[in-house]
Structure formats: structure tokens, C-alpha cells
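Here is a short report on strands, a sheet and a domain boundary. Please keep the sequence and the structure at hand.

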Amino acid sequence: MSRGALRCSGAAASRAEEVMANDILRPRLQNAALRGGLAAQRVRRAWWMAAPMLLVLAAVGAWPLLRTIWFSLTDSELSNPGDYAFIGLENYVGEYGLLASADWWQAVGNTLLFTGLSVSLETLLGLGVALLLNQASRLRTLLRAALLVPWAIPTVVSAKMWSWMLHDQFGIVNHHLLALGVIAAPLAWTADPQLSLFSIVLVDVWKATPYMALLILAALQMVPVDCYEAARVDGVPRWQVFRRITLPLILPGLLVAMVFRTLDALRVFDLIYVMTSNSRDTQSMSVFVRQQLIDFGLVGYGSAAATCLFFMIALLSIVAMGLMRRTFERAAA
Amino acid sequence: MSRIELRGISKRFGDTPVLNDIDLSIAPGEFCVFVGPSGCGKSTLLRLLAGLEDPSAGEIEIDGLLVNHLPPAKRNVAMVFQSYALYPHMSVHQNMAFGLQHRKLPAAEIERRIADAVRILQLDGLLQRRPKELSGGQRQRVAIARAIVRQPKVFLFDEPLSNLDAALRVQTRLEIARLHRALGSASMVYVTHDQVEAMTLADRIVLLQPLAGRSDVPSVAQAGAPLALYHHPANRFVAGFIGSPAMNFVDATVKALGDGRVLVDANGMCCAAQLSPQGLAVGEPVTLGIRPEHVLLGEGAQRARVSHVEHLGEVSHVYLELPGISTPLLAKSYHEKIALGELLPFDLPAQAMHLFRADGVAQARGNAAGRSVEAVDG
Amino acid sequence: MSGLVKAGAGSRALAPGAVPGQPRFPWGCIGYWAASLLFIFVSVFPLLYALSSSLKQGSGLFSPELWPKAPTFANYSGVFAEQPFAQNLLNSLLVAGSVVTLSLGLSLMAAWAFGRVEFRGRGLLLMLILSASMLPQVAVLSGMFELVRAFGIYDTLGALIIADLVLTLPFTVWVLVTFMRQLPKELEEAAAMDGVGVLTLVFRVYMPLLWPAMVATGLLAFIAAWNEFLFALTFTLSTEARTVPVAIALISTPSGFELPWGKIMAASVIVTLPLVALVVVFQRRIVSGLSAGAVKG
């Protein structure tokens, strides 16, 4: 390989060949960084920098997930996890499989009802609170601090606090409702099967509305002020301004917040587990999974349920991302 | 000594060529300015030298050492950025010391170098300040000081004055020129879009032209001493870029060829140009060029009507309407009493004329003729 | 709760274009204040009531007044005396602290790679990392259980630290990448001219500049790890290895008949007050971190 052939400036001599020529002809440049150009060195360095995080995430995320999916195809049990047999889709479609289990379908129903109710309430309330927060006012700092209180309180703690407030005999809620004459007899908020899921929704709304409000607020603050000013100059009524200007402009942000909350609500565990334990009437899919997996020791069966939940959420994420992309493109156009 | 050699350098971003086929040699101690309109790739060329970008083809040698694959820090160059790029969380002192500490220099040596830089750039009393507590001019000087302490063989400046206001720009320009003399042996490569900076600072100007997506156009329009580019532009692009206000261009055809003389016809106006007739043919379309400062007003055989006058104080810009030519001919005049609509006699001296062929290449001028143009100047 | 619905409606009437301090008609102003005050009350009341209950004892606990007739700290001393609650607090602190340090360190390095270098597969990897934050915890539970047992760290804090990383890492990477992208590239080039390595660049040049973002992200990671319940419940067995949320969830009386509500509330207050203080002090940073993670992403 002659150097002259490679030297033809700007010609098609590939970088690899150039580098080889350099290695051979310029021994004084014995630098480890010689392979590839500076940009290539940078990319290699980027991989090294990302590697620790990617490895950790693979080890604590991807690998356990794959193992869970694998376990779902076996009859593994917690007492002796090494000793299991491959049983195909038995855990899903077998005679005693997931799809034939009333408890599972009850858990699915509970989860969907919980998600639907809490996310819609949180969206409405979050929007209201975000509009409150978007006002320049002396109350603003106080409002924001108050907003973050329910959000920062551990879910377990809020579940306990509300359980106590909703206590059927000594709870402050029953006490005041009785005193006001709204109810005739104390309600068993967390024990009554008719009520318990709604109590759980109530606590979730209390706890998660702030998160929703913050995300919507961020979207609100990106609406350019001159839009409002133009509308005011045109004399558009306030309700119309909200409906025709604010809402369309914050819609992408609102949707993102709703998707995040929905995916979060679908995997609800702490709240339900602490407030009503493993009660069948309120059991969510996550609670069902843990009960099968840990309490009953059925690793295979529980993993099958977990896999179902995972694929449900994955499917929903993909659909949501597609929808959001469309909305974003419309908003951008 | 630190000679920079660029051989066959090309750079493309994706499919878009940014720099084509650059061969350039920068002598030790030389002050070399890359100038050109925006999009000509001058900053990219500087970044290739710095090692912040890879060339797509070609070789870069600094001091006889091929540096294509050396990271910036190993090239013995220092760079002053347009935005200064001072570390915002470090004091002025730390900003200067940071790089030196990483080269494991002894502390005493670091302090000595910083003290030198502080003296040269008058940074006394600022050492403990953070960049945001400094004025624009002070930040600029700190950025230069940070380059000086590294004692590089080559200084690279990327439009260092563009963030300063006009008065400070002139002052800092002088300071950089002084610095270049003081540092002696180090080469400086300086990027600017401002031809005044280029003309005043450069030992040599490298004028780059935008490629507009073509890969068959050379990037370097002309390289040479500032006055060489002014007096002997190699092509129409150079002629139009250097000089302010820009050169007048008039379409014309060759009428007759003589010994060291070319006669052209510009829409009925007949002019002589003291240029080599080599390669020209009678009837060939050409472009006539003459700088506004070379148009003689108040004498000569031609006459034209004044369509507009701009009084700048020291000089006036007079726009002359020529029959059949859409753009008026611009002339500089030191007379203030020129009235709009006046019919003025003017002359286009043959020794100040430039002629460009259809492909933009300038018609060469004999040595004797070149000198006579400079004489017109004086 | 219905009051909050009204709060939304009231503010809506006022919201766009209203000039604070000089509303066009006082109804909007009154509505705004009423809605705001109601909202603040609803947000804060449960915590205040928990505080009040924690200071009551015996039959006093069963009367609903907010101000205790005979305030006592017996519940607080009881919490520490009857179980290793101090140990649980320390556990929570250790777990959350380690998770924050590990997540921030790993994410900052990765954020440089993802935020400042263009390489093939970057977009795809970022999407994968984002989707990891949607992962339901129970979906990794059995696999993680196996991992924890294989490492022999069942019933230790190590198990929780490792497991919690799956909750914090996607988020911290995402937020830090967002912030890293906003830094000027010249700074990095200046560092390259100075010859500093990429680790020095990240930890000595970028980290000081990203300090606000680091605080915000770190706080969010801290809260996530401090509040984590499912892993802590599943991967610990002994009371000494529990973190605070599990300890609170499992507080019971020996008879198992009625829960010791006073002590539960006392423990809740102990866990919550530092968190609330942190959040109130850093509210601006937290809000910026939350919205950077969601909206800009």
C-alpha cells in the first residue's frame, strides 16, 4: 500500500486505511488513541461513561424482568426455587391458570376501576390547582409548599393517617359527618366492600393530585403571555380564553401527566396493601402478584400475573407514546 | 519552531462540504488570519487545528508532527473562545491554573506563569474574582491569559472580539497585536469575519469562501499579505470582499488588446485597463472592477449624473448614474460640495482597473503596473 | 373533596389574563382566596391531625378534637422503646443515602455520554431507560428475589440499596441528561484544550455547574428511596433490618386486636416532618426537577 495513493487529498481513501498507514509510517505516534479519529475516540469514551449505569440498570431491571418472564413458564415455588420444571403456558391458560381465576379478574377490575377514577379526579383537580398556582400572588409560595406536603409524605404514612381518620368507630371523618347529620350511622370506610375502593381512591387523589398539578403547572407556564394579552385585547371572555387558548396549548403537557399517572396507578401497591391488606374486594394486580409470590410461595404463578401486568403497562405505554407523538405534532404544526 | 502545515484538508458534515482541499503553511511566529463571510468554514478550520473536530481528509502537521489523531491538549496549542468559555465556578486564578495542574507542573512554576500573564494583561487585583464578577473586556483578557500560561507554540483565536463593544474592540485589537510582538516565536491563528481586524492584525490573510454545497470549489479564495489581497485580488470574490465600501463591478466586453493594455466597452463607455492581455479575446465578456477610492472625480473625459451622496465627515460617498448600467458607480470624494443631480466629470485610471473573466479569475497585472496602482493610493 | 372541585372552577374563572391585586370584579378574588385556603387546609390537615393524635393517649385518642387536652410524648417514647425504631430510622437513612450517592454518580457519568456526545443507538437507549421508569415493581420482584438470594444479601440493607436503584436510576439519568444538554459546549472544549480527562470534566467542571440540578434530582431520589415499601417489605424479614415505612406498616399490639394508633401516628410524624421540612426548603428545586423529568423529556 503506497502512501501516495492514500495521500490524494479529499479522495476516497477510507479512514481505516489512513489510520493503518499512519500506524505503519509514523511510529512516533504510538498513541493508544490512534484507532479512529477524535470523534470516534469521543464516542468510545461516551460508551465507557455510560457503561456503569447501563450495566447496573441491566442487572437490576432487565435481568430480573427476564427471569420473571421465564419463571412464569415454570412451576417454581418459593420454598425450593432451584427445583422447577418448564410447564409452558400452564400458569396462564391451564385449568387453574390465571385466565381462569376469578380472583385475578377481580384484581384486574379493581385496578382498572381504581386507575380510571383516581386519574380522572386527579386530572380535574390538578388542573384547578395548577390554575390557582399559576396566579402571581402572595399566597403562591404557601400554596406550593402545601402542595408538596401530601406528595412528600410516604405512601405508607398517608395510608395510615387516612386509615385513622377514616376509622369506623373513632375516626374524625365519621365523627363530623354524624355531627352534621350527613350520615345516620358510622360508615366502615375501609372494611365495607362497597366503600373501601372509593376510600382508597380518595387517599390516592389526596396524595397524587399535587404531582399532577405540578406537571400541569409546568405546561401552563410555557404558554406565552402574549397569547393571553392578544385575547384580552380582542375582548374574548375568560371561559372562552381557557377553552380556546389555554387548554389546547397545555394539552400535550396534560396528556403526558395523565399517561404518567395512569402508568403509576396501574401498578398501585403500597396504598392498597396498607389500607386493606390482601382483601379480595380491593386487591390490585400488584397486591395479587405479591400475595401469590410471597405469601403463597407460588413463584411461577405469581410471575405469570406479574408478566401480565408488565405487558399490559408496556402495551399501554406504546399506545400512549404513539398518541402523544400525534398530539405533539399537531400542537407543533 | 512551530510551523503549521495543512495538506489536502477537507471537512464535510454529513454530505455537506464545509471545507475543500486546503493546502496551507503557516510560518513560525506568523500572525495568520482566517477571514470570510459567515458559512465559509473559517471557525471549522480553526477547530480542526485545535483538535476539536476531525478532518474528513488530509493531514495536519504542527512542528513536523502529524497531529490528526492527537487530542487538543497534546497539540501544544491554546485557544481563546468567542464566548471565552471561562469556568464559571472557578476564580480567575483557578481558571488559569486548572489546565496547568493537570499537566502536573510544579506549583511554583504555575504561580510564576500566572504572575507573568497577570503582568502582561494587567489583571492585578482580579485573581480571586469569579468570571461573572468581571466586565466583558476583563473576561476577554482572562481568556487570553489562560491561553498564555500554557506557553503554547500556537495561539488560536476564534472571533475573540465579537462580544465586545466597538471602542473596546479597537483597544483589545491593539493589545493582541502588542501581545503577538511580545511573545515573538509563537504563531497566532485568528478567525474573524471583520476585514478591518484581518487587515490590521495579519501578517497573512487566508480568505475563505462559502462553498454553497459544492465540493469542486476550493475553500481558500486567496492567501497572502493584507495589501497583496487588496491590490492583487486573485478573483472577483476576493476583490468584492476586501475593501470597504466594496469594489464597483461593471459588465463589459473586450474591445481591443494592446501591449500591457486592454480596452473594454461597458455599455458604450470605453475604458482602458493596464493589465496583461494574455488569454483574452476580443469580444469576450468580462467584468470590470474599480475601487471607490480609485475613481477620480472632477477631472477626466467621462461625465455622469450624481444620483445620491452620503457625507461621512472625513469622506463622502458619491453615487454616479452611468447610462445603461443599473447599479450606480460609487466613488469616494474628499469634496463636500457635491450636489445631487450635478453632472460631474470623472475618470477611471487605467492603472487602477481590475478585470475578471467569466469564471471570476482576475486578469494578471505586470509588476510595473502593480507598483503604479500603489502609487495611485499614495 | 367536592370543595376542591369548586376550587378548580373558581380559579378557572379568574385564571387567564387576571391581573393580581387588581381583579376586575371581587368575585374572582374571593373565589381565588377561598379555593386556595381550602386547598391548603385539605393538604395539610391530615398531617396536623396525625400530629394531634400522636400527642394523645388512652381514651383521649378517641375524642376528635384537634388540640389535645393533655398533650403527652408517651407515644414517641413508646415507639422507640417497644421496637428498634431508631435502628429502622438509621436503616432508612443508610439506604436512601447510598441510593442517592450511587444514582447521582452513575447518572452524572451517563448524562455526559447521553447529553453531550452523539453516537448511534443513543435515542433508543434513552427510550429504553425512560421505559424502565414505567416498570411495575412486581414485574421484577421474583427475578430480584432470586438475585438477592444469589448474592446472599437477603434480609440486609444491601438488598434494598440494589433493588431501589431500578426505581431511581431511570429518573436521575433522564433529568440530568436534560440539564446537561443546556450547558455550553465551549466549556467542554476549553477543558479539552486544558487536557483534562472526561472524569475530571464531569466531576470537576460539570458537577459544580449542575449543582442545582443535582440537589433537585438527589432530593427526588432520596424521597423515592426513603418511601419505598414493596422491596423493603419483601426483602427484609427481621425487625432490625426493616426500613421505616415497613416498620410503620407492621406496628401492632401484641394482642393484635386494635392497632396502637397513637404510636403509629407518632412514628408517622417522625418520618414525615424531616421530609416535609426538606421539601418546603427546597420547593423551587424540586418543582424544577419534577417538571424537567416529565415535560421537557
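Strand β17 (residues 329-333) of chain B is mostly covered, with four of its five residues buried (20 or more other C-beta atoms within 10 Å of a residue's own, C-beta atoms being placed from the backbone). This is a predicted model: local features need pLDDT of at least 70, side-chain atom pairs count only at pLDDT 80 or more, and totals for chains, interfaces and linings use all residues. Residues are numbered from 1 along each chain as its sequence is written, while chains are lettered from A and ligands numbered from 1 in the order in which they are written.

Strands here are DSSP runs of E, at least two residues long, and helices are runs of H or I, at least four, numbered from the N terminus. Two strands pair if DSSP finds at least two bridges between them.

| Strands | Sense | Bridges | Facing residues |
|---|---|---|---|
| β3(B) (residues 31-35), β8(B) (residues 187-192) | parallel | five | B:Phe34, B:Val191 |
| β16(B) (residues 316-321), β17(B) (residues 329-333) | antiparallel | five | B:Leu320, B:Leu329 |

Six strands of chain B form an open, mixed sheet in the order β6-β7-β8-β3-β9-β10. β6 (77-80) and β10 (220-224) of chain B stand at the edges; each has a single partner strand, so one side of each is left without a neighbour in the sheet.

Chain C is divided into domain 1 (2-72) and domain 2 (84-296), with bounds from an automatic or database domain assignment. Eight residues of domain 1 of chain C are in contact with seven of domain 2 of chain C (C-beta atoms, placed from the backbone, within 7 Å).

Note on methods: A residue is buried if 20 or more other C-beta atoms lie within 10 Å of its own, exposed if 12 or fewer, and partly exposed in between; C-beta atoms are placed from the backbone. Two residues are in contact if their C-beta atoms, placed from the backbone, lie within 7 Å.
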